[in-house]
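Subject: Handing over a structure, with notes

Dear colleague,

Please find the structure below, followed by my notes on what was found in it. I would be grateful if you could read them with the model open beside you.

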Amino acid sequence: MNDPRLKIFSIVFGVIYVVAFYFDLALFRYYPAAREFHWLRTDGIGVVILWYGWIATSALASAAIAFAVPRTLAERLWPGWAWIVPTAVVVATLIYERRWFV
Amino acid sequence: MIVVLLIVHGLLAVALLGAITHQALSVLGAPSAKGRWTFVDRFRSVNGAAYATPIVVLFAVTALGGALLYPQYRIDVRPALEDMQNSAANGVFEIKEHLVAIGLGLLPVYWFFWRQPLAADTAAPRRYLTWLLAFFVWWGFVVGHVLNNIRGLQP
């Protein structure tokens, strides 16, 4: 667990998560009333939970990107990006979610 | 069963809240040497690195508990909030789920920067990542409790 590409994973994860929920890119969907998972939107079986699918999308895409980045490049990456990018993601999320309070 | 899971989820959240708050205050800097130590000084004079792995485990397990509870919330609670036209309550929960997801993604780099021996040049990201996670945990804790008790809290 000393791989510097963990930095890449975490930096990219939040960005992909925001993109996934904004553009509805859930890897899968869960319909709790029917207790069923579906790859695609399925009407007529109740409300849907996309959150699991957004996390799965982000985890898989971030892992793929982190794995593709050369280890030396990840080592040279300025450590500050590890908190600046997620903070920007959180601020963007809070701004977007203002819609619930207006 | 769902009540047992909700209580366990809440208890894990209490442990996580305590651990992350200790660690978040520990990275503020060394307590003042002059005068006698206050409660806050003692609270933050912990070995922050010792909390990192328990925090990673507690965050992941608590998030998993929340994920298991989520279907019940989606079926029973959220429609009730919508019937009450309480969009703010739904909004704070939406933010909670986003923060928990982003927090799960941050755990690898958080753990990476807290591994021993602590590198001096990563003190700043270690501090800010800890504060970010602390914000996520506090938000999730307060929102979870308010929504759990919302029928009693509303006039």
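The bend at a residue is the angle between two axes, one fitted to the seven residues ending there and the other to the seven starting there, and helices are DSSP runs (H or I, at least four residues), numbered from the N terminus. This is a predicted model, in which local features need pLDDT of at least 70 and side-chain atom pairs count only at pLDDT 80 or more, while totals for chains, interfaces and linings use all residues. Residues are numbered from 1 along each chain as its sequence is written, and chains are lettered from A and ligands numbered from 1 in the order in which they are written.

I begin with helix H3 of chain B, which covers residues 49–83 and bends by about 55° at B:Tyr73. B:Tyr73 is also one of the buried residues of H3(B), which include B:Ile55, B:Leu58 and B:Phe59; a residue is buried if 20 or more other C-beta atoms, placed from the backbone, lie within 10 Å of its own. The buried residues of H3(B) pack against helix H1 (2–26) and helix H4 (87–114) of chain B, and H3(B) is followed by B:Gln85, whose phi is positive, near 55°.

B:Tyr51, which lies in helix H3 of chain B, is buried because 21 other C-beta atoms are found within 10 Å. Leaving aside its neighbours within four places in sequence, B:Tyr51 is in contact (C-beta atoms, placed from the backbone, within 7 Å) with B:Ala19, B:His22 and B:Gln23.

Turning to the two chains together, 29 residues of chain B are in contact with 32 residues of chain A. On the side of chain B that touches chain A, H3, H4 and helix H5 (123–148) each supply at least two residues, and the largest share, 17 residues, comes from H4(B).

Within chain A, helix H1 (residues 5–22) and helix H4 (residues 81–96) pack at an angle of about 10°, with their axes 9 Å apart, where axes are lines fitted to C-alpha atoms over the stretch in contact and angles run from 0 to 180 degrees between N-to-C directions. H1(A) and H4(A) are therefore roughly parallel to each other, a term that applies to angles under 35 degrees. Among the residues that meet there are A:Ile11 and A:Val15 in H1(A), and A:Val85 and A:Val89 in H4(A).

With best wishes

Notes: Buried ≥ 20, exposed ≤ 12 C-beta atoms within 10 Å, placed from the backbone. Parallel < 35°, antiparallel > 145°, perpendicular 65-115°, else oblique.
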